[in-house]
Amino acid sequence: MKEGLVKRISRLISASANALVDSVENATPQLVMEQAIREIDDAIAEVRDQLGKAEAAKYLSSKTLNDENNRHSALAEQIDIAVKESRDDLAEAAIAKQMDIEAQLPVLEKAIADADAEISELNAYIGALQGKKRDMREQLRDFVVASEHAGNGASGEQRGSSRSTADKVDQAEGAFSRVLENAGVPTTQSSADASKLAELEELARNNRIKERLAKIKSEA
């Protein structure tokens, strides 16, 4: 993976919301966190692109390895026939070809192993970025909710009336959704398909959590 992308991911993962806000002058926390979420989404897309290339490379190497192994086996049968027919010249030619194939096999096997390692690394980066995105979304939601509550409290005093906490949270959630949409992040209101994919991702994550808990209990 490109060194620049690795550094970018490391920066996104290690950055805290407070540090991001403090590092940008004359910008509201909301705008800073919007940009951070947008950067995380961009990084995830870039890593997924690299993942696709790595998986394609593994597929091609695996296919070539399988084809070469089949050729090696076919040549072995041809060598047996040539020997039985006393055609040493043909047998030698087939053996030479087998030796060429044998020289390539370790290279192909290493290419597959390298692709496997890269795929594992890229999946780990995607998981880390998705986790950071969840954290950032929660921090942004907290900020929006707090801002909405503060604003509602001030206006309520002026009007001499107040709304219920549930109403305030509903309004804050609506504002949070608008913030994410403005940042280019799909929400339930802006994309049903994105919501389903997010739900599936969360379901898979919860399943992994349960599997890890079951493993810990079995080892206790």
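Two residues are in contact here when heavy atoms of theirs lie within 4.5 Å.

**Figure 1. Welcome to the whole protein chain, shown as a predicted model.** With contact defined, we can look at how the chain meets itself: among contacts between residues at least 6 apart in sequence, 78% join residues at least 24 apart. The secondary structure comes to six helices and zero strands. Read from the N terminus on, the order of elements is α-α-α-α-α-α.

Figure 2. As for the interior, 28% of the 220 residues count as buried.

**Figure 3. This view visits Ser86, in the loop between helix H3 (29-84) and helix H4 (88-159).** Most residues other than glycine have a negative phi. Ser86 has a positive phi of about 60°, although it is not a glycine. Is Ser86 buried or exposed? With a relative accessible area of 61%, Ser86 is exposed, because that value is over the 50% cut-off.

**Figure 4. Our last stop is Asp80, a residue of helix H3.** Its relative accessibility is 46%, so Asp80 counts as partly exposed, a class that runs between 20% and 50%. Look also for Ala91, which is 11 residues from Asp80 along the chain. How far apart are the C-alpha atoms of Asp80 and Ala91? They are separated by 7.8 Å.

Technical notes:
Residues numbered from 1 in each chain as written. Predicted model: local features only at pLDDT ≥ 70, side-chain atom pairs only at ≥ 80, totals over all residues. Heavy atoms only, no water. Helix = DSSP H or I, 4+ residues; strand = E, 2+ residues; numbered from the N terminus. Buried < 20%, exposed > 50% of the residue type's maximum accessible area, 1.4 Å probe, protein only.
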